[in-house]
Every structure is written in structure tokens, then in C-alpha cells.
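Subject: Structure for you to look at

Hello,

Here is the structure I said I would send. My notes on it follow below.

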Amino acid sequence: MSEYWYSNMMVETPKQSLSFTCVFFDVDGTLVDSGGAVIDTFVEVLTEYRLPVPSREHLRRHVGPPLWSSLLELGTPKDMLETVIANYRSRYHERFLDPPLFEGIDQVVKDLSAAGVAMATATSKQEPLALAQLEHLGLLDHFTVVAGATPDPACTKATVLRDALARLGAAGADTSRPVLVGDRHFDIEGGRAVGVPVIGVGWGYASEGELDGADAFAADPAALSRLLLPH
């Protein structure tokens, strides 16, 4: 893919069409502006169990990663982890359909679909929630596969991405030149583990410098469109 890609460079526009045959999207922080709902749920759950409640700005970094790793990092004792996760999921289920799409990302998805580019999700959100969310937001019909995390703590972004690749290939899509679009270092690490290049996006929840290892960077959905679609 070297002729199509800008390895470890932060760019907004390519010199030529990158000609991807399929695109994998992270959900939280890439398609959906779910930060408020996730942070509200963390605050409620941490408060209920009398665990330290950091600032909302600090909690932003926990929008997107696997839930178990975030709760451990936030000070949840291992012997309480299953109980706290169950409580979190119950509370989040009441509000997960509230967050909107990031402005402009719906048009990118629709343009890719119109161009015949196969798409799948590769999200750390549990798969049933990702399905319901995309349906609620009117994007489900544009995705051939919706792949998400299982409750197993061993399920990583790489696990989900491998599953998404296999399912997309089984559906008859051309997976010869894939790319993953995401907003966190977990996306970069997952893509690297599977051998899929990653475009980092500037509108999600990454901390400063977190996306430096991405293969390319899109500051906004218009820049992402220029990377993904021939113009």
C-alpha cells in the first residue's frame, strides 16, 4: 500500500486517490458524539460506588476504550469490576441513543456507500448497541457489517477488526485495500496488530499527540472525504 499511503505523516489531503476498497469505522468519537452520555454514566457509577470521580475533562479520555480497562484505570477494585460494569451498562443503555452524529460524517458515509465502497464498524461498543445506534441515526443501511465488542475482557480493537474483516470478506466485499478510521490510540494499535492502516480523526476524544502514530490524519469530515474518495 506504500504507493497510496503516507506512513506516519499527519496530512489532510492526498496527492492522489488512495483507492481503498473497504472502510472500517470506529463509532464513539468517530461517527457518534457520545462523550456526554459516556461521561455522565461514569460520574453516576463512580459516585454510587464511592470511587474517585475525576474531572469531566479527564473522563473524556475514557470515551471509546474497552470499559473494563477504563474502570480499572479509574480505580475500580478488581473484585468489584463485574458489578460496576453491569451497573454502568444498565445506566448507559438508558441514554445511548441520545448522542448525535458528528456534523458532516453522515455525508461521508453516504458518499462512500454511493461510490460502492464497502463499510463496516470496528467498535469497542457492544455490537447490539452499535446496531441499534446506527439504525436510530439512519446509517445502518450503508454498512455491510456491524462488528462490535463482546463482554469478554480479552476482546480488543484488534479482535473486533479481525472479525469485521472476516465478515466483510464473507459477504463478498473486496477487502484487499482496507483502512480503519478512528479517534484513539486503541484504533492505531488495533490496526497495526491486524495490518490495516489507520486514519486518525481530529474531532474525537484523543489527547494531544495521541494520534501521532496514525498513518494519516483528517482534521474534519471534509478532509476525511478527500482521503477516502476520488475527487
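The accessible surface of the protein is about 10,300 Å², and carbon and sulfur atoms hold 50% of that. Accessible areas were computed by the Shrake-Rupley method with a 1.4 Å probe; for residues, only the protein chains shown count as cover.

Please note that this is a predicted model, in which local features need pLDDT of at least 70 and side-chain atom pairs count only at pLDDT 80 or more, while totals for chains, interfaces and linings use all residues. Residues are numbered from 1 along each chain as its sequence is written, and side-chain values use heavy atoms, with hydrogens and water left out.

Overall fold. The protein has nine helices and six strands (DSSP runs numbered from the N terminus: helices are H or I with at least four residues, strands are E with at least two). Along the principal axes, its C-alpha atoms fill a box of roughly 55 × 35 × 30 Å. Of the 231 residues, 50% are buried (under 20% relative accessible area, with exposed being over 50% and partly exposed in between; 1.4 Å probe, protein chains only). Among contacts (heavy atoms within 4.5 Å) with a separation of 6 or more, 67% join residues 24 or more positions apart.

Cores. A nonpolar core here is a set of buried Ala, Val, Leu, Ile, Met, Phe, Trp, Tyr and Cys residues joined through side-chain atoms within 4.5 Å. The largest one has 51 residues, and Phe25, Leu31, Leu224 and Leu228 touch the most other members. Helix H1 (residues 35-48) contributes the most to this core, namely six residues. Another core, of 21 residues, lies apart from it and includes Ala120, Ala147, Val160 and Leu211.

Two buried positions. Asp26 sits in the loop between strand S1 (22-25) and H1. Asp26 counts as buried because its relative accessible area is 3%. Leaving out residues up to four places away in sequence, its contacts include Leu31, Lys157, Asp183 and Asp187. Lys157 is 131 residues from Asp26 in sequence, with 9.3 Å between their C-alpha atoms.

Leu59 belongs to helix H2 (residues 56-59). Its relative accessibility is 0%, so Leu59 is buried. Neighbours within four places in sequence aside, Leu59 touches Ile39, Phe42, Val43, Leu46, Pro54 and Leu74. Glu73 is 14 residues from Leu59 along the chain, and their C-alpha atoms are 11 Å apart.

Regards
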